[in-house]
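These are my notebook entries on a structure I looked through.

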There are 2 protein chains.
Amino acid sequence: MAGSPSPPPRERPVGVFDSGVGGLTVLHELLVALPHEDFLYLGDTARFPYGVRSGEELERFALQIAEHLLARRTKLLVVACNSAAAAALPALQARMMETTLGVDVVAVVGPESQMAVDSTHNGKIGLLATPTTVESGAYDRAVHAADPMVELHAVPCADLAPIIQGGFPFDEHVVETVRRYCQPLREAGVDTVILGCTHYVLVAPMLQRMLGRGVRLVSSGPAIARRVEHALEHRGLGNPREDEGDYRFLCTGDADAFRDHGTRFLQMPLGDIVHVDLEREPAAA
Amino acid sequence: MAGSPSPPPRERPVGVFDSGVGGLTVLHELLVALPHEDFLYLGDTARFPYGVRSGEELERFALQIAEHLLARRTKLLVVACNSAAAAALPALQARMMETTLGVDVVAVVGPESQMAVDSTHNGKIGLLATPTTVESGAYDRAVHAADPMVELHAVPCADLAPIIQGGFPFDEHVVETVRRYCQPLREAGVDTVILGCTHYVLVAPMLQRMLGRGVRLVSSGPAIARRVEHALEHRGLGNPREDEGDYRFLCTGDADAFRDHGTRFLQMPLGDIVHVDLEREPAAA
């Protein structure tokens, strides 16, 4: 990209990053909700999963990725990874505000927590998330910042993301696992459930069947899409084109594996996937 | 089943049939919306596709399948196939009313047409369907019965169902095909689009992206689920259980092929699939 003229800010892509392919469920919503924007997605698959990393490590990774995406001239940054959002959001926001562009950062956790609080009628919200995310307390803080009186019933789901990533078609083992994690939420009588991991969107139909139609499932994709739209409007950064934008992929691990796993999550063709080495070219391009 | 005691009517399964796996997108909605019911799905894959058959043939097939499902003690019949619904609904309804149960028949075309008419604000509705379905005029009649002043812009999509059935992951060819069929609807300025073929639900995200968020996509699944729920309530036939019901499959063709194609459409495990020969055992069991 060195030497090519810089496009005007409105025509630059929105940057999205995640530890792997899970964040593609967020990109999916962005593609449907904001068809005129370009997107650049980075999956840090070489260092997946983030759930086992320390907060310091995740902060370093997130800043490194943000610099890389900024160097590729993204006009807004979406953190589509729960672990990274929980660990690194304040540092990221501080760093982005220092740039000349003043790039906004939109991250999972906050938007879907607000949506869940807006949705509940009985004040009982369920949370399905990885043990690391539950332990971080990030959803507790976000939900209670929006409404201190709401009860949050968190279920740590150790097995769910791996079996969703690993297997398709889903078999009875997946159904039984999902059923097991739903049970405490049924007993608690929640009327709203946050899908606190981007992978869980793929079992939303099963969850809806087990929890019943009266329970509203809230995932980060639609909540993030709304925030991104508002942020772009607020800054006058919406892409003015009338036809569809494009979307491209960077990944730090194997590009073929990214494609194999990713298509199920995006539900659209993946097109070009470019391998990048963040350690060797931290802010290249 | 001969010799087993007949369960009380409320505890019997809902029968659903289609020419193949496409109707599984309708079953998907039924499983999510009516988790306490049992379902028995018959895919007439040996005689797929129905789109090339004459009206007389389809009427004969539909009556034969209905007799078979009735013999298996289904309490309601869902026709999840557009071609069969267009050709055979009056004959089916007449036949079902003759049975001692007075089994209701709920079929695609009518429910989603009503939903589209209820949804449109500018009175311009689009229709994506197979050429056979478009030529049958069934949607024209259903939409105009609901509101004679609405404009229906029908696009016959010769290639769409085959490429959806044939290929996953979707590639750029699928995207280009979908885009081509969307173009006349964009030009007509419709604000609501009927997905007039059960297969098309699988490209709903692409359609939504190409048509824009302001356009509402209406598919038969949710509309059918609501009708089935009302019909069961009206007759006092809702299953009284509190846990999830089960669902089983019959198919007239190869069971393994049914499973391979079907999982994508159902988004849940398929479990047992039993081969049946309708010609040799028209009302067996």
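I looked up B:Val109 and found it in the loop between β4 (104-107) and α4 of chain B. I take helices (H or I, at least four residues) and strands (E, at least two) as DSSP runs, numbered from the N terminus. Phi of B:Val109 is near 95°, a positive value in a residue other than glycine. B:Val109 counts as buried because its relative accessibility is 6%. Here buried means under 20% relative accessible area, exposed over 50%, and partly exposed in between (1.4 Å probe, protein chains only).

I then turned to chain A. A:Val109 lies in the loop between β4 (104-107) and α4 (110-119) of chain A, and its phi is also positive, near 95°.

I noted the ground rules. The model is predicted, with local features needing pLDDT of at least 70, side-chain atom pairs counted only at pLDDT 80 or more, and totals for chains, interfaces and linings using all residues. Residues are numbered from 1 along each chain as its sequence is written, chains are lettered from A and ligands numbered from 1 in the order in which they are written, and side-chain values use heavy atoms, with hydrogens and water left out.

Next I checked peptide bonds. A cis bond joins B:Phe48 and B:Pro49, with omega about -5°. B:Pro49 is in the loop between β2 (39-43) and α2 (55-71) of chain B. In chain A, a cis bond joins A:Phe48 and A:Pro49, again with omega about -5°.

How is chain B laid on chain A? I found a turn of 180° and a shift of 0.0 Å along the axis, with an RMSD of 0.0 Å. That is the relation of a two-fold axis. In chain B, the C-alpha nearest the axis belongs to B:Arg264, 5.1 Å from it. Copies are superposed by least squares on the C-alpha atoms of residues with pLDDT of at least 70 in both. The copies meet through the same surface, because 100% of the interface residues of chain B are also interface residues in chain A.

I went on to helix α6 (residues 138-146) of chain B. Its buried residues are B:Ala138, B:Tyr139, B:Ala142 and B:Val143. Seen down the axis of α6(B), they fall within an arc of 120°, so they line one face of the helix. The arc is that of the directions from the helix axis to the C-beta atoms. An α-helix has 3.6 residues a turn, so residues three or four places apart point the same way. The face turned away from the buried side of α6(B) carries the exposed residues B:Arg141 and B:Ala145. The elements that the buried residues of α6(B) pack against include β5 (124-129) and β6 (151-156) of chain B.

I looked at B:Leu250 in strand β9 (residues 247-251) of chain B. At 2% relative accessibility, B:Leu250 counts as buried. Among the residues that B:Leu250 touches are B:Leu40, B:His68 and B:Val276. Contact means heavy atoms within 4.5 Å. B:Leu250 and B:Gln208 are 42 residues apart in sequence and 33 Å apart in space, C-alpha to C-alpha.

My last entry is on strands. Strand β7 (residues 192-195) and strand β8 (residues 216-219) of chain A pair in the parallel sense over 4 bridges. Two strands pair if DSSP finds at least two bridges between them. A:Thr192 stands opposite A:Arg216 in β8(A).
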